[in-house]
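Work through these exercises with the model open. Try each task before reading its solution.

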Amino acid sequence: MKCSTALLLFTIVFALKAAGQKTKHYNLQKLLKQGEIVTFDSLQTKPLQAKKGAISSKGNIWFKNILFNTGTIDVDLRGKDVFLNSFLGINFHGTDTTHYDVLYFRPFNFKHTDTARRHWSLQYMSLPQYNYAVLRASHPLQYESTVTPVPDPNDWFHATVIITGDSLEVYVNHSATASLKVHLLNAKHDGLFGLYSDGLSADFANLDIKQ
């Protein structure tokens, strides 16, 4: 009887917690115009008129009033099929611009003729300690993977990132199959949130965060 009561209470608390989660949509163009995005002239962050609410940025950007702990992040991204020059994704659990976790894509590897390189299409890192080189050497193919289904490397694709406790899961283009599942390497469970871009400019749109 006690077990049943405990289980019932747990179920109620879990349901209330889930019900309390709210999804918030962010118009990136509007945030940029309102000065809600921390950016610099050198990053070349600008509105992308071809897609409603989209922006393009060459370099990391951070949001002034978004703190992320656990929940679900949905975002549309578009990179370029240019070898070793297109890296894009999200930053989260940041304490500053050098200490944060990253989930990012390498579109130029999505359909690479070298099947080994395809396993380097999607990457998780915890900076500065655990960059891709350290993780690849010590834990090969554990923190990076192929992408399922495989998007067009030059076109928009959708990413759903679920962060719960110490785990991260990534789903691409609304697939039921996770492209990546890992345990986070950062003990922090909240912090600054931003968009990750390295190399060539990357495009972002339709950012939704549920937490």
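**Exercise 1. A residue and its surroundings**

Which residues does phenylalanine 63 touch, not counting residues up to four places away in sequence?

Solution. The model is a predicted one, so keep that in mind throughout.

Step 1. Find phenylalanine 63 in strand S5, which covers residues 61-68.

Step 2. List the contacts. Phenylalanine 63 touches Leu28, Leu31, Glu36, Ile37, Phe193, Gly194, Leu195 and Leu207, leaving out residues up to four places away in sequence.

Step 3. Pick one of these partners, Phe193. Phenylalanine 63 and phenylalanine 193 are 130 residues apart along the chain, yet their C-alpha atoms are separated by 6.2 Å.

Step 4. Decide on burial. The cut-off for buried is under 20% relative accessible area. Phenylalanine 63 has 3% relative accessibility, so it counts as buried.

**Exercise 2. The chain as a whole**

State how many helices and strands the protein chain has, and what share of its residues is buried.

Solution. Step 1. Count the elements: the protein chain has four helices and 15 strands.

Step 1. Turn to burial. Of the 211 residues, 43% count as buried.

**Exercise 3. Strand S11 and its partners**

Work out which strands pair with S11, and in which sense.

Solution. Step 1. Locate S11 at residues 157-164.

Step 1. Take strand S6, residues 71-78. S6 pairs with S11 in the antiparallel sense, over seven bridges.

Step 2. Take strand S12, residues 167-172. S12 also runs antiparallel to S11, and six bridges join the two.

Step 3. Follow alanine 159 to both partners. Valine 75 has alanine 159 as its bridge partner in S11. In S12, valine 172 stands opposite alanine 159.

Step 4. Look at the turn. S11 and S12 form a hairpin with two residues between the strands, and glycine 165 there has a positive phi near 65 degrees.

Step 5. Check the cover. Six of the eight residues of S11 are buried, so the strand is mostly covered.

**Exercise 4. Threonine 160**

Is threonine 160 buried or exposed? Name the partner of its side chain in a polar contact.

Step 1. Compare its value with the cut-off for buried, which is under 20%. Threonine 160 has 12% relative accessibility, and therefore counts as buried.

Step 2. Find the polar contact. The side chains of threonine 160 and aspartate 74 meet at 2.5 Å.

Step 3. Complete the list. Leaving aside neighbours within four places in sequence, threonine 160 is in contact with Thr72, Ile73, Asp74, Glu169, Val170 and Tyr171.

**Exercise 5. The largest pocket**

Describe the largest pocket by its volume and its lining.

Solution. Step 1. Give the volume: about 180 Å³.

Step 1. Name the residues closest to the centre. Of the 12 lining residues, these are Gln21, Thr70, Gly71, Ile163 and Thr164.

Step 2. Sort the lining by type. Two residues are nonpolar, eight are polar and two are charged.

Step 3. Trace the lining to strands. S6 and S11 each supply at least two residues. The largest share, three residues, comes from S11.

Methods
Residues numbered from 1 in each chain as written. Predicted model: local features only at pLDDT ≥ 70, side-chain atom pairs only at ≥ 80, totals over all residues. Heavy atoms only, no water. Buried < 20%, exposed > 50% of the residue type's maximum accessible area, 1.4 Å probe, protein only. Polar contact = N/O pair within 3.5 Å; in protein donor to acceptor, adjacent residues only side chain to side chain. Contact = heavy atoms within 4.5 Å. Pairing = 2+ DSSP bridges. 1 Å grid on protein atoms, 1.4 Å probe; cavity = no way out; pocket = protein on both sides within 12 Å on 5 of 7 lines; lining within 4 Å. Points joined across faces, edges and corners; volume = space filled by probe spheres on them. Nonpolar A, V, L, I, M, F, W, Y, C, P; charged D, E, K, R; others polar.
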